[in-house]
Amino acid sequence: MILTHGQFFGRFQTEAEAGGFALAHIRADPHRDVQRHTHDAAHFIFVTRGPYVTAAAGAPDVCTAPVLVYNPPGTTHRDRFQRRGDGGFDGKFLSISVAPERWKSIAEAVPLAERAVTVHANALAERLVRELTRWEPSSTLVAEAICLELTACVARMRDEKTPPRWLSVAREMLRDGAPSIGEIAQACGVHPVHLARTFRRFFGCSPGAYLRRARIERAAGMLRSRLSLAEVALRAGFADQSHMTHAFRAHLGVTPAALRGDNQVASVQDEPSEER
């Protein structure tokens, strides 16, 4: 049995797409036996619930959540969830499937693992689960950046000891509201995977998290003006006023209207821990 990009056994609960990465939170189906199968696309599986059996290198005979596994294109296996000791069945996982054309562009630039491996990056995968749950207009860029960081975890690249010059260009493009990681990487002359990994190495957060922070800082500064909240939202790079209000409430714990009413301006120099 051949499974194509984005295809997995189970019941899809939430799903989204971000720059060639198909994301889905899936509940294992207790009524369907998983047969031996082949995935034609590279993918990650992040187990969020239940006992999971996989042949990935570094994984125990039976994994308990959370565990993150990378499978290269052409992986043939029979990974599955086991029933619990009491006979119950409650498996759940996040799938991150890499479109063949996106994987090819990455593999041509950086060497990737050639066999299934356990990846020690649960924090990144957990952030993707949260992002999928609260999806908003800026989530596409945020999720793509996290997926590129995950890909970097199974790539072998040299680490710079000092920030490269192009990194300041990338940061300024984000502050100006750059639309995609790909466009920033092209302007800087680096691969998107390298961009995502290097940005976190020197700035301590993903490009997507930095973009959110920059938008909130820009909007907070404009709250001193006489612009309407709708105008502030659009000038700061938000989709609309509702999007800006959601971002302020999620990351600062207060709405723009409340900040303006109190004649205060937020300080967002430090991003909340879940965004790092």
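Reader: How many bridges join strand β8 (residues 67-71) to β12?

Author: Strands of a sheet pair through backbone hydrogen bonds, either parallel or antiparallel. Here two bridges join β8 to β12, and the strands run antiparallel. V69 has T118 in β12 as its bridge partner. Two strands pair if DSSP finds at least two bridges between them; strands (E, at least two residues) and helices (H or I, at least four residues) are DSSP runs, numbered from the N terminus. The model is predicted: local features need pLDDT of at least 70, side-chain atom pairs count only at pLDDT 80 or more, and totals for chains, interfaces and linings use all residues. Residues are numbered from 1 along each chain as its sequence is written, and side-chain values use heavy atoms, leaving out hydrogens and water.

Reader: In what order do the six strands form their open sheet?

Author: The order is β2-β3-β11-β5-β8-β12, with antiparallel pairing. β2 (11-18) and β12 (117-118) each have a single partner strand, so one side of each is left without a neighbour in the sheet. Helix α3 lies across β2, β3, β5, β8 and β11, at about 90 degrees to β3.

Reader: Which strands are at the edges of the three-stranded open sheet?

Author: That antiparallel sheet has the order β7-β6-β10. Its edge strands are β7 (63-64) and β10 (80-81), each pairing on one side only. Within it, P51 has T64 in β7 as its bridge partner.

Reader: How is the packing of α4 and α5 described?

Author: Two packed helices are described by the angle between their axes and the distance between the axes. For α4 (residues 166-175) and α5 (residues 181-188), the angle is about 145 degrees and the axes are 9 Å apart. Axes are lines fitted to C-alpha atoms, for helices over the stretch in contact, and angles run from 0 to 180 degrees between N-to-C directions. Residues of α4 including W166 and M173 meet residues of α5 including I184 and A187; contact means heavy atoms within 4.5 Å.

Reader: Which residues touch the most other members of the largest nonpolar core?

Author: In soluble globular proteins, nonpolar side chains tend to be buried together. A nonpolar core is a set of buried (under 20% relative accessible area, 1.4 Å probe, protein chains only) Ala, Val, Leu, Ile, Met, Phe, Trp, Tyr and Cys residues joined through side-chain atoms within 4.5 Å. Of the 53 residues in the largest core, Y70, I96 and L128 touch the most other members. Helix α3 (residues 139-153) gives the most to this core, with nine residues. A second, separate core of 15 residues includes M222 and L227.

Methods
Buried means under 20% relative accessible area, exposed over 50%, partly exposed in between (1.4 Å probe, protein chains only).
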